[in-house]
Amino acid sequence: MVLFLLERVAPSPVDQVWRRLTTWERHGDVVPLTRVTVVTSPPTREGTVFVARSGIGPLTFDDPMEVVTWRPPTEGRSGMCRLLKRGTFVTGWAEIAVHPYGNGGSRVVWQEELRVRRLPTAFDRPLAWVARWMFGRAVDGLLKLP
(Lines give C-alpha, C1' and ligand atoms only; values in the text may rest on other atoms or scores of the structure.)
Protein backbone atom coordinates (compact mmCIF):
# COMPACT_ATOMS: atom_id res chain seq x y z
CA MET A 1 0.00 0.00 0.00
CA VAL A 2 1.24 3.47 -0.83
CA LEU A 3 -0.07 6.87 0.15
CA PHE A 4 0.91 9.95 -1.81
CA LEU A 5 -0.02 13.60 -2.04
CA LEU A 6 0.20 15.97 -5.01
CA GLU A 7 -0.29 19.72 -4.93
CA ARG A 8 -0.57 22.03 -7.89
CA VAL A 9 -1.36 25.71 -8.33
CA ALA A 10 -3.29 26.84 -11.41
CA PRO A 11 -4.11 30.35 -12.62
CA SER A 12 -7.67 29.26 -13.53
CA PRO A 13 -10.68 29.74 -11.25
CA VAL A 14 -11.84 26.95 -8.93
CA ASP A 15 -14.95 25.99 -10.93
CA GLN A 16 -12.93 25.60 -14.14
CA VAL A 17 -10.20 23.54 -12.46
CA TRP A 18 -12.86 21.38 -10.76
CA ARG A 19 -14.53 20.69 -14.10
CA ARG A 20 -11.19 19.76 -15.70
CA LEU A 21 -10.33 17.31 -12.92
CA THR A 22 -13.76 15.71 -12.53
CA THR A 23 -14.74 15.16 -16.15
CA TRP A 24 -13.74 11.53 -15.76
CA GLU A 25 -13.54 10.60 -19.45
CA ARG A 26 -10.82 13.23 -19.94
CA HIS A 27 -8.47 11.27 -17.69
CA GLY A 28 -8.06 8.84 -20.58
CA ASP A 29 -6.66 11.73 -22.64
CA VAL A 30 -3.73 12.19 -20.25
CA VAL A 31 -3.07 8.69 -18.85
CA PRO A 32 -1.24 6.51 -21.39
CA LEU A 33 -2.96 3.34 -22.58
CA THR A 34 -6.11 4.16 -20.62
CA ARG A 35 -9.72 4.71 -21.55
CA VAL A 36 -12.30 5.91 -19.03
CA THR A 37 -15.99 5.07 -19.29
CA VAL A 38 -18.66 6.49 -16.99
CA VAL A 39 -21.11 3.69 -16.17
CA THR A 40 -23.86 5.70 -14.47
CA SER A 41 -25.93 8.45 -16.07
CA PRO A 42 -24.94 12.10 -15.60
CA PRO A 43 -24.52 14.31 -13.74
CA THR A 44 -21.70 13.17 -11.46
CA ARG A 45 -22.88 12.74 -7.87
CA GLU A 46 -22.37 10.39 -4.95
CA GLY A 47 -22.86 6.92 -6.39
CA THR A 48 -21.42 7.73 -9.82
CA VAL A 49 -19.31 4.82 -11.09
CA PHE A 50 -16.66 4.97 -13.78
CA VAL A 51 -14.06 2.50 -15.02
CA ALA A 52 -10.51 3.18 -16.16
CA ARG A 53 -9.39 0.37 -18.48
CA SER A 54 -5.61 0.32 -18.80
CA GLY A 55 -3.14 -1.79 -20.74
CA ILE A 56 -2.52 -3.35 -24.12
CA GLY A 57 -4.12 -6.46 -25.58
CA PRO A 58 -4.38 -9.28 -23.05
CA LEU A 59 -2.45 -7.25 -20.47
CA THR A 60 -5.35 -5.01 -19.46
CA PHE A 61 -7.16 -4.45 -16.22
CA ASP A 62 -10.21 -2.49 -15.12
CA ASP A 63 -10.01 0.04 -12.30
CA PRO A 64 -13.65 0.68 -11.28
CA MET A 65 -14.20 3.70 -9.06
CA GLU A 66 -17.21 5.06 -7.19
CA VAL A 67 -17.75 8.66 -6.13
CA VAL A 68 -18.56 8.45 -2.41
CA THR A 69 -18.25 12.16 -1.56
CA TRP A 70 -19.24 14.89 -4.00
CA ARG A 71 -19.03 18.52 -2.91
CA PRO A 72 -18.54 20.76 -5.95
CA PRO A 73 -17.15 24.21 -5.28
CA THR A 74 -19.51 27.09 -4.74
CA GLU A 75 -18.67 30.74 -5.14
CA GLY A 76 -15.59 31.39 -3.02
CA ARG A 77 -15.58 27.90 -1.46
CA SER A 78 -13.50 24.81 -2.07
CA GLY A 79 -14.71 21.63 -3.74
CA MET A 80 -13.84 18.06 -2.74
CA CYS A 81 -14.63 14.59 -3.96
CA ARG A 82 -13.59 11.18 -2.69
CA LEU A 83 -13.36 8.09 -4.87
CA LEU A 84 -13.22 4.46 -3.78
CA LYS A 85 -11.33 2.08 -6.05
CA ARG A 86 -13.44 -1.06 -6.20
CA GLY A 87 -11.34 -3.26 -8.46
CA THR A 88 -10.04 -6.77 -8.01
CA PHE A 89 -6.49 -5.71 -8.95
CA VAL A 90 -6.18 -2.07 -7.79
CA THR A 91 -7.90 -0.88 -4.61
CA GLY A 92 -7.73 2.16 -2.37
CA TRP A 93 -9.14 5.66 -2.52
CA ALA A 94 -8.45 9.13 -3.87
CA GLU A 95 -9.45 12.59 -2.67
CA ILE A 96 -9.39 15.55 -5.01
CA ALA A 97 -9.76 19.01 -3.49
CA VAL A 98 -9.73 22.35 -5.30
CA HIS A 99 -9.26 25.49 -3.21
CA PRO A 100 -9.34 29.20 -4.12
CA TYR A 101 -5.78 30.50 -4.30
CA GLY A 102 -4.35 33.94 -4.84
CA ASN A 103 -6.05 36.34 -7.19
CA GLY A 104 -8.61 34.13 -8.95
CA GLY A 105 -6.46 31.00 -9.12
CA SER A 106 -6.76 27.54 -7.61
CA ARG A 107 -4.77 25.10 -5.52
CA VAL A 108 -5.28 21.40 -6.20
CA VAL A 109 -4.63 18.80 -3.51
CA TRP A 110 -4.78 15.20 -4.76
CA GLN A 111 -4.26 12.53 -2.14
CA GLU A 112 -4.40 8.83 -2.90
CA GLU A 113 -3.96 5.49 -1.20
CA LEU A 114 -3.18 2.78 -3.69
CA ARG A 115 -2.95 -0.98 -3.27
CA VAL A 116 -2.08 -3.48 -5.96
CA ARG A 117 -3.20 -6.97 -5.00
CA ARG A 118 -0.51 -9.60 -4.68
CA LEU A 119 2.27 -7.02 -5.01
CA PRO A 120 4.82 -7.64 -2.23
CA THR A 121 5.50 -4.76 0.14
CA ALA A 122 9.08 -4.65 -1.14
CA PHE A 123 7.61 -2.90 -4.19
CA ASP A 124 5.81 -0.15 -2.22
CA ARG A 125 8.57 2.42 -2.67
CA PRO A 126 8.88 1.96 -6.47
CA LEU A 127 5.07 1.88 -6.76
CA ALA A 128 4.83 5.16 -4.83
CA TRP A 129 7.40 6.79 -7.12
CA VAL A 130 5.64 5.58 -10.30
CA ALA A 131 2.18 6.54 -8.99
CA ARG A 132 3.30 10.02 -7.93
CA TRP A 133 4.93 10.58 -11.32
CA MET A 134 2.00 9.17 -13.33
CA PHE A 135 -0.74 10.98 -11.41
CA GLY A 136 1.33 14.19 -11.36
CA ARG A 137 1.56 14.05 -15.16
CA ALA A 138 -2.17 13.36 -15.36
CA VAL A 139 -3.08 16.32 -13.15
CA ASP A 140 -0.70 18.59 -15.08
CA GLY A 141 -2.24 17.42 -18.35
CA LEU A 142 -5.81 17.89 -17.16
CA LEU A 143 -5.02 21.41 -15.99
CA LYS A 144 -3.68 22.27 -19.46
CA LEU A 145 -6.62 20.84 -21.45
CA PRO A 146 -9.15 23.41 -22.64
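I note that the model is predicted: local features need pLDDT of at least 70, side-chain atom pairs count only at pLDDT 80 or more, and totals for chains, interfaces and linings use all residues. Residues are numbered from 1 along each chain as its sequence is written, and side-chain values use heavy atoms, with hydrogens and water left out.

**Helix α3.** I took helices (H or I, at least four residues) and strands (E, at least two) as DSSP runs, numbered from the N terminus. I then looked for buried residues (under 20% relative accessible area; exposed is over 50%, partly exposed in between; 1.4 Å probe, protein chains only). Those in α3 include Leu 127, Phe 135 and Leu 142. Among the elements covering the buried residues are β1 (2-10) and β7 (105-116), contact meaning heavy atoms within 4.5 Å.

**Contact with α1.** I found Val 17, Arg 20 and Leu 21 of α1 meeting Val 139, Leu 142, Leu 143 and Lys 144 of α3. By class, this contact has five nonpolar (Ala, Val, Leu, Ile, Met, Phe, Trp, Tyr, Cys, Pro), no polar (the others, Gly among them) and two charged residues (Asp, Glu, Lys, Arg).

**Val 38.** I located Val 38 in strand β2, residues 34-38. At 25% relative accessibility, Val 38 counts as partly exposed. Val 38 lies 18 residues from Arg 20 in sequence and 15 Å away in space, C-alpha to C-alpha. Leaving aside neighbours within four places in sequence, I found Val 38 in contact with Trp 24, Glu 25, Thr 48, Val 49 and Phe 50.
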